[in-house]
Amino acid sequence: MKKLFILIVLLVSLGIANATLLWQQDAIAREGQSLNYEGTVVQDTSGAIVNFWAYQINGHNCLMAAKFSSTGEALWQEPVMVKGGMDLKSDIRATQSSDGGILLSWIERNNLNNYILKLQKLSPSGNNLWGADGISVSVCTYNPPHYLMTSNQDGGAYLFVNDLPYNSLPSHAYAYCYNSSGTDIWSPENPFVSQNGYLELEAIAAPSTGSGMLVIYQIINSGVNTNVFRHFNSAGLSDWNITETGTTNEDDLWQVLPGNANKVHVFNKSMETNTPVSIRTLNLETGAWIPEEASQIMLNPTPVASYFGFKATFMQDTNTVSLLCRYLANEINYISQTLLNMQMQPVETRSIYSTNGRINSLEARHDGNLRTFCIWAEKPAGSYDKILKAQAIADAGGDLLFPTQGITICNPLPGILGYGMAASNSTLHTFFVEPGEETTILKRRAFDSAGNSLLPAAQESLTTILNGYAWPMSSLDIDNHAVIIYYDTRNQDHNRLYYQQFNPNGETMFQPGGVQICNSVSNGVSFFEAIRCNNDRFAVLFSNNGVLYLQIYDLAGNPQFSDNGLVLSPTTFSKARMAVYEADIYISWYETGS
C-alpha cells in the first residue's frame, strides 16, 4: 500500500535564519487513502454481528470494527478503532470466544519489513481487553507468517503459526494457547513441529469440551503431498498424529466442524479421478477415524478444480449439517445443497442454482430459524465484471425463498477485495466494497427472508475513501490562507486538477476531496501556472484537451468564469506563463508552428 501526502510543513518568514512553526501540526491537502476488506464478520450467540476492516486515512492505518443487531441497527454509535498507528494491517480473522468476547487476530507490517502477528480480545461493547496494542504472538522478517486461529474453552485462543513459510527446509510451525487474560500458558517453550518439506496450513478446530485442538496441514516435498492431522492436548503435548498420502489436486480446500463430545468432522475435496467432497469424523481422544461416520458427496465425474468449492454449516434447529457446493459440469456452473445427519450420512440433495457464467466463490450461514442463506460471486457469461448474488433456502422442504435466480447484492464486485456475510433471525447481512468513480465505499446491506432490502441507502455506507493519489503543482499565500494546487488520479480514466485551502490556523477549509479545477479524459490536462491576483483571489492557467484556459477563484471557492474558465486559445501549445501588474493579468503562450 502506498502513502502519498501533500504536506505544508513550514511557513518561513523571508530573511529569518531560524524558521518558526506557525501551525501546530502538518496539514494534509490530499492523502493517498486505501481500504482493505477481507470479509471478516463475527456473529455472537445473541445474533449481534461485528464487522472488521482496515483502512488508511489521515496518515494512519486503522483496524476498525462496527457492531449491528440481528435486524441491522447499529449498536455502537460510531465504528470503533481497535488499533491505529502507521503499520499496515491485513489477514484479519475473528471468532467469538467461549466467554462471550471476540477474539481478533491480524498481521502488521512496519517500515523495517517486519511482519507481526497480533492478537486481541474485545468485550461486547468494543473495548480492548488485552492492552491497547494487543499481544505480539510472532515476529517475522521479509515474509508474513501463515497461521490458524480458533477459540478455546478457557475464553482464550489457540494458534498454530508457520513463521517462516517460504524459507529453507525444514519448516517449523509453533502452537500457542492463550487463556482468558491473554497469557500464553504454553510458553516460554511453545510446542512446535518440524517437517522436511514446506508446510501448508489448512484448518484448525477445538471442541468446547476442552480436549485440546486439532490442526490439519500438508507437507509438500519433491512434488509429493502428505496430509497431517495433529492433536495437541490441553497441556500442549502433541499426543497423536495421522499422516496420509495427499494429491496435488486437492487445491488446499479443507473445512472442519466441531461435533458432539470429542468429535471433529473433516471436509475436504478429493480429486484423484472425480470431484467428490470427502466427509470423515475424528475421535480426538483416541486419534482414530470413526468408520461409520464417513461419506462422499459426488458432484461431477470429471475433476474440475478451478470451479469447485463448498461450505458446511451446522443447523442447530434441525440437528443436521448443510453442505452447499459449487461445481462445473458440461460447461454449466451449479450450486447444490446436501443435508447430512450427525452420522455424516446424506439425507437429501437439492438443486439451488445454475448459470452459464462462472461462480468464483461461495459462502453460507444458518440463521438459527430454519433458514440457510448463501452468497456467491459470479462472472456472468460474456462479462468481465463480477456480481454478488444471494439465495435463501428453507430447511424444511428446501424451498427457495428468494427469486429463482437469486437477488443481486452488488454489481460490479472488485475482484481483489473480499465480502462478508452473517445470518440471524430470518435476516441476511452482507458486507462488501463498492467501487465508484470518485470514491470506494465499504457497504452493508440487509435483507429479509423474501429478499427485500431492509436498510435505507443512507445507512448502507460504513466508510468512504478517496480513490487514487495526488502530487503537488503549486502553492500560494492568499491573504494569510494557504492554497495547494495538485493533480489527482482518483479516476484512472481521467486526468484532474484540484486545489485545497487552509485557514491561518492550518485547518482544511474544503471537503477532503478538494475543489475541482478541471477534468479531462486520459491525460488531457496540463498545469502551467498559478498566481495571486489581489488580496482574496488567485488565477490558474491550464490547458484541457488542447484548449488554453484561465480561471480565477476567491477564498470561498467560487470561480469567476463558467465551465472550465475563460478560453484563451484553442490551438495546440506546449508552454504558457502569466504575471500580474496593477491588478491586470498578462498571459503569454507558445503555439505550435508559430
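1. Let's start with Ser336, which sits in strand S26, residues 332-340 (strands are DSSP runs of E, at least two residues, numbered from the N terminus). This is a predicted model, where local features need pLDDT of at least 70, side-chain atom pairs count only at pLDDT 80 or more, and totals for chains, interfaces and linings use all residues. Residues are numbered from 1 along each chain as its sequence is written, and side-chain values use heavy atoms, with hydrogens and water left out.

2. Ser336 counts as buried because its relative accessibility is 6% (buried means under 20% relative accessible area, with a 1.4 Å probe and protein chains only). Setting aside neighbours within four places in sequence, its contacts include Leu299, Tyr327, Arg350 and Ile352 (contact means heavy atoms within 4.5 Å).

3. Next up is Gln500, in strand S38, residues 494-502. Gln500 is buried too, at 0% relative accessibility. Its side chain reaches the backbone oxygen of Gln511 at 3.0 Å. Not counting residues up to four places away in sequence, Gln500 also touches others, among them Ala29, Ile484, Tyr486 and Pro512.

4. Now the cavities: the structure holds 4 of 30 Å³ or more (a cavity is a set of points on a 1 Å grid over the protein atoms alone where a 1.4 Å probe fits but cannot get out; lining residues have an atom within 4 Å of a point).

5. What lines the largest cavity? The residues are Phe68, His429, Thr430, Phe431, Arg444, Arg445, Ala446 and Leu455. Strands S33 (427-435) and S34 (439-447) are the elements giving two or more residues to that lining.

How values were computed
On a 1 Å grid over the protein atoms alone, a cavity is a set of points where a 1.4 Å probe fits but cannot get out, and a pocket is an open set with protein on both sides within 12 Å along at least five of seven lines; lining residues have an atom within 4 Å of a point. Grid points are joined across faces, edges and corners, and a volume is the space filled by probe spheres set on the points. Helices (H or I, at least four residues) and strands (E, at least two) are DSSP runs, numbered from the N terminus. Buried means under 20% relative accessible area, exposed over 50%, partly exposed in between (1.4 Å probe, protein chains only). A polar contact is a pair of N or O atoms within 3.5 Å; within protein, one must be able to donate a hydrogen and the other to accept it, and residues adjacent in sequence count only if both atoms are side-chain atoms.
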